[in-house]
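Here are some notes to read alongside the model. Please keep the sequence and the 3D view open while you go through the points.

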Amino acid sequence: MFKTSMAISPLPANFAPLLFAGNWELGVEQAAKLGYDAVELSLLDPSKDLLGHIASALRQKGLALSAVATGQSYYTDGLSLANTDPAVHARLRERMKRLLDFLAPWQGFLIIGGVRGVLSKEPAVQAEQRKWALEAVRSYAEYAQSVGVRVAIEPINRYETNFLNTVAEALAFADEVGLDNVVVLADTFHMNIEEVSLPKALELAGKRLGYVHLVDSNRRAPGQGHINFQEVVTALRKISYASYISAEILPWPDSQTAAELAIGYFRSL
Ligand SMILES: [Mn+2]
């Protein structure tokens, strides 16, 4: 009843929750072999050629592209939505447009998570940063709407950012953007740190929940930590959630085993 996906990356990323990092071809092949419906890609600044190769491989394997994660632009290149330099926003807009075009044939999700960056503790500076970020997301969402793509705002835990930690904060931000194709992404790893109750937060999102990273408490495959996924799934059913559950997980003990553990757990739900 949920569509399944796993997060992979064409770039090596030793400590990131991505499988087959540095070898997207193998990731796509294994996702198909294991029976996933889709892959999610973490992308920095891919060439049109690379995107073309990935798109053909997905079509050949009968896989969908569920989402593109954009955090690498901040983690690797230091480009964030909280930046108040127009030149940084121009570069980000160009990247986002290319990624939105890539997502369009599958009507996937553009994930706005780590790319938000970090807010200053100075209230006046912070207000300015929020304004820039809001305008940026609005411009991506407007373009996304024209190509049938949704933009997913992902709350991230306090140890990684101070810019949207909870589902409620992400919902408020999405409201401020004010476009129908802006939804919330719930990542159970971050929620386990931030939320009072995982089911209540999911129910709060309700129809505006667009995408889920189903990850355990230790960032490993679901079932390898101590999150109560029964209550998570009960809440998802209650809100008639029918979109993706995606394994954005550490390659523990290795990518292949992690991909197998995750799909096995997804099937048991
Ligand atoms: Mn996530």
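1. Which residue in E5 does Ile111 stand opposite? Ile111 stands opposite Ala152. Helices (H or I, at least four residues) and strands (E, at least two) are DSSP runs, numbered from the N terminus.

2. This is a predicted model, in which local features need pLDDT of at least 70, side-chain atom pairs count only at pLDDT 80 or more, and totals for chains, interfaces and linings use all residues. Residues are numbered from 1 along each chain as its sequence is written.

3. E4 pairs with E5 in the parallel sense over four bridges; two strands pair if DSSP finds at least two bridges between them. Strand E3 (residues 64-69) also pairs with E4 in the parallel sense, over three bridges. Within E4, Ile111 is the bridge partner of Ala69.

4. Phe109 and Ile111 on one side of E4, and Leu110 and Ile112 on the other, are all buried, and both faces are covered. Buried here means that 20 or more other C-beta atoms, placed from the backbone, lie within 10 Å of the residue's own. In a regular strand the side chains alternate between the two faces of the sheet.

5. Helix H5 (residues 123-146) has 24 residues, which at 1.5 Å a residue should span 34 Å; its end C-alpha atoms are 35 Å apart, which agrees. The expected span is 1.5 Å times one less than the number of residues.

6. The buried residues of H5 include Gln129, Ala133 and Tyr140. After H5 comes Gly148, with a positive phi near 75°.

Conventions
Buried ≥ 20, exposed ≤ 12 C-beta atoms within 10 Å, placed from the backbone.
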